[in-house]
Amino acid sequence: MSSSGVLSFTQQGWEQVLAKVKRAVVYLDAACAESLHWGCGSTRLMEAVGSPECHLREFEPDAVGGGAKQPKAVFVLSRLLKGRTVEILRDIICRSHFQYCVVVTAMSHAVHLTANHVPAAAAAEMEGQQPVFEQLEEKLCEWMGNINYTAEVFHVPLLLAPVAPHLALTPAFASLFPLLPQDVHLLNSARPDKRKLGSLGDVDATTLTPELLLQIRCLVSGLSSLCEHLGVREECFAVGSLSRVIAADLANYAPAKNRRKTATGRASVIFVDRTLDLTGAVGHHGDNLVEKILSALPQLPGHTNDVMVNMIQLTSLQTEEENYNVIAPGCLAQSNDTTAKALWEALLNTKHKEAVMEVRRHLVEAASRENLPIKMSMGRVTPGQLMSYIQLFKNNLKAVMNHCGLLQLGLATAQTLKHPQTAKWDNFLAFERLLLQSIGESAMSVVLNQLLPMIKPVTQRTNEDYSPEELLILLIYIYSVTEELTAAKDLGEAEEKVKKALAQVFCEESELSPLLQKITDCDSSINLTFHQSKIATDELFTSLRDIAGARSLMKQFKSVYVPGNHTHQVSRPHPSDHPLLILFVVGGVTVSEAKMVKDLVASLKPGTQVIVLSTRLLKPLNIPELLFATDRLHPDLGF
């Protein structure tokens with residue numbers, strides 16, 4: 001029951017998939033690709049395929065079919081085999097020459113029965129049978145054009161992307177985010193004939209939308225499989241309204257009840273709503289290099305938890321921007337490189353200063369092993385110094401191949417250290433500390449008035465000023481750290497000034513970012529009127545006030561800030577007497593928070609193992625994206 005169980009759970013699942021892919025065309029959706037990326041790497045998949053014409057393809061409507069010399073296909077999907085997903089399957093197969101199709105779904109057959117509205121009693125009678133999968137197998141043969149061809153459909157719980165032995169993420173549930181008070185009104189309007197919900201405290205499984213409830217069941221099924229792998233009988237706890245629904249569903253999940261009867265180990269599973277403390281997610285007090293890398297470097301396409309590392313400096317190409325797409329990007333996940341993986345885990349668990357020194361040490365040792373002409377330098381680590389070490393490997397194919405993972409992490413570090421966003425990190429931290437002091441001493445209206453001069457249109461902003469997205473991050477920080485607001489004239493006036501200033505800034509942007517397009521429901525600042533922008537900021541402040549009241553229903557843990565202590569975080573529940581603690585943060589977790597939980601459990605309860613699970617790794621900008629999303633109650637389940 002080791003905490004590395006998240007890695008063995010993931011790798012065991014992928015071994016079942018890899019056993020089926022020999023000489024196949026393999027189609028993966030984004031969430032499964034991300035699980036593979038962190039769990040065992042695409043190289044492992046390509047080795048298992050073994051064909052010189054190894055084709056990995058994204059599962060999408062326009063995916064290329066299989067040619068005449070490609071008779072076998074394997075589809076690896078995180079989704080339910082229903083609706084749009086089945087239509088895409090059909091279309092790909094019908095334009096191919098497949099004679100053997102394997103479909104692997106991360107969703108259990110029990111969840112498929114739920115999705116097809118099979119009553120619980122009828123589902124219980126089907127134990128050991130898989131009619132949904134069997135019916136799809138018949139369809140696959142029909143689409144291949146011959147009922148004598150071979151089709152297999154089976155479930156493998158590819159739930160996790162294991163980032164570290166103590167930390168794993170659920171890419172298929174990256175958009176899952178706790179409810180806000182405004183969602184109560186939407187739930188009430190969808191059930192006009194039923195009892196009205198007074199607050200989030202009244203929310204339970206019977207009041208949620210069918211889509212959200214099914215999404216929760218999909219998550220619960222995967223978590224139950226993880227507990228089965230770990231050999232534990234879990235006891236469920238929850239802090240927050242959505243977490244309460246998830247914990248209750250896991251506790252009452254029929255397959256889990258049967259599994260617990262034979263489990264010999266014990267574990268506590270604590271679900272926590274992210275909305276109860278957004279300061280930890282949008283704040284800049286983590287002092288962790290990985291958090292800065294995630295914030296500074298562009299996101300790896302199709303992924304929610306990794307970044308693109310520019311590798312051009314290891315080549316002879318000029319460093320002009322037009323060449324950036326010529327060379328495939330590097331990334332942070334190094335699942336097949338033991339040395340790089342050890343460095344990655346060190347970066348997750350050390351402070352910024354120690355982390356950059358560790359990167360330098362690894363680069364120096366690697367260069368020495370390759371007999372490269374390295375010049376030792378001590379003292380402060382600079383991006384220029386790291387680049388001088390990295391460029392020793394340039395055009396040396398053998399050395400690059402031997403240390404490819406390390407070089408990717410080294411380049412990620414150097415590029416982050418010289419990125420303008422990193423220079424701004426300390427500015428954010430200083431202002432956040434000032435805000436904490438002001439909140440402890442002054443009314444909320446005073447704090448907002450301090451922010452007002454910092455809201456500048458694009459024509460007046462310098463690199464040191466805050467962009468609209470960064471202002472939203474600061475506002476979320478302010479409202480999350482504040483306890484529930486009371487109605488006051490001066491607060492209303494201060495909010496109105498900030499709303500108008502933000503609305504004007506949105507209108508004057510030269511180009512609306514994807515986040516601002518989502519918030520304003522407008523694709524271009526040219527088409528954005530002040531009236532439309534002001535409506536958007538009004539709705540934005542409704543969400544901010546919801547954040548301020550997120551802890552109002554709690555009897556404990558009402559505050560995340562203690563005046564006089566400028567770095568205090570939300571109090572965590574004490575670990576129980578069980579030897580394994582699994583903490584699941586619904587809505588995302590930061591690297592610093594995962595480390596803090598691990599260290600806290602080690603100090604309070606030595607000998608207790610801890611696994612931190614969450615829907616995604618967070619950087620500050622993710623929070624406004626999740627918070628202002630409009631599909632919380634109606635997630636896209638692929639059908």
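Modeller: This is a predicted model. Start with helix 1 and helix 2, where helix 1 passes helix 2 in a left-handed crossing.

Colleague: At what angle do the axes of helix 1 and helix 2 cross?

Modeller: At roughly 115 degrees, and the axes come within 10 Å. Helix 1 covers residues 5-18 and helix 2 covers residues 30-39.

Colleague: Which residues in helix 1 and helix 2 meet?

Modeller: From helix 1, L7, T10, Q11 and W14; from helix 2, C32, S35, L36 and G39. The residues of this contact are four nonpolar, four polar and no charged.

Colleague: Switching topic. How is the protein chain divided into domains?

Modeller: Into domain 1 (6-158), domain 2 (162-277 + 575-629), domain 3 (298-418) and domain 4 (421-549). The centres of domain 3 and domain 4, taken over C-alpha atoms, are separated by 36 Å.

Colleague: And S221, buried or exposed?

Modeller: S221 is buried, because its relative accessibility is 3% and the cut-off for buried is under 20%. S221 is in helix 9, residues 210-230.

Colleague: What does S221 touch?

Modeller: S108, V111 and Y253, leaving aside residues up to four places away in sequence.

Colleague: Last one, helix 24. What should its 19 residues span?

Modeller: At 1.5 Å a residue, 27 Å, and the end C-alpha atoms of helix 24 are 27 Å apart, which agrees.

Colleague: Which helices do the buried residues of helix 24 pack against?

Modeller: Helix 8, helix 21, helix 22, helix 23 and helix 26. The buried residues of helix 24 include L540, F541, L544 and I547, and K534 and D546 are also among them.

Conventions: Residues are numbered from 1 along each chain as its sequence is written. This is a predicted model: local features need pLDDT of at least 70, side-chain atom pairs count only at pLDDT 80 or more; totals for chains, interfaces and linings use all residues. Side-chain values use heavy atoms; hydrogens and water are left out. Helices (H or I, at least four residues) and strands (E, at least two) are DSSP runs, numbered from the N terminus. The expected span of a helix is 1.5 Å times one less than its number of residues. Buried means under 20% relative accessible area, exposed over 50%, partly exposed in between (1.4 Å probe, protein chains only). Contact means heavy atoms within 4.5 Å. Domain bounds come from an automatic or database domain assignment. Axes are lines fitted to C-alpha atoms, for helices over the stretch in contact, and angles run from 0 to 180 degrees between N-to-C directions. A crossing is left-handed if the near helix is turned anticlockwise from the far one by less than a right angle, and right-handed if clockwise. Ala, Val, Leu, Ile, Met, Phe, Trp, Tyr, Cys and Pro count as nonpolar, Asp, Glu, Lys and Arg as charged, and the others, Gly among them, as polar.
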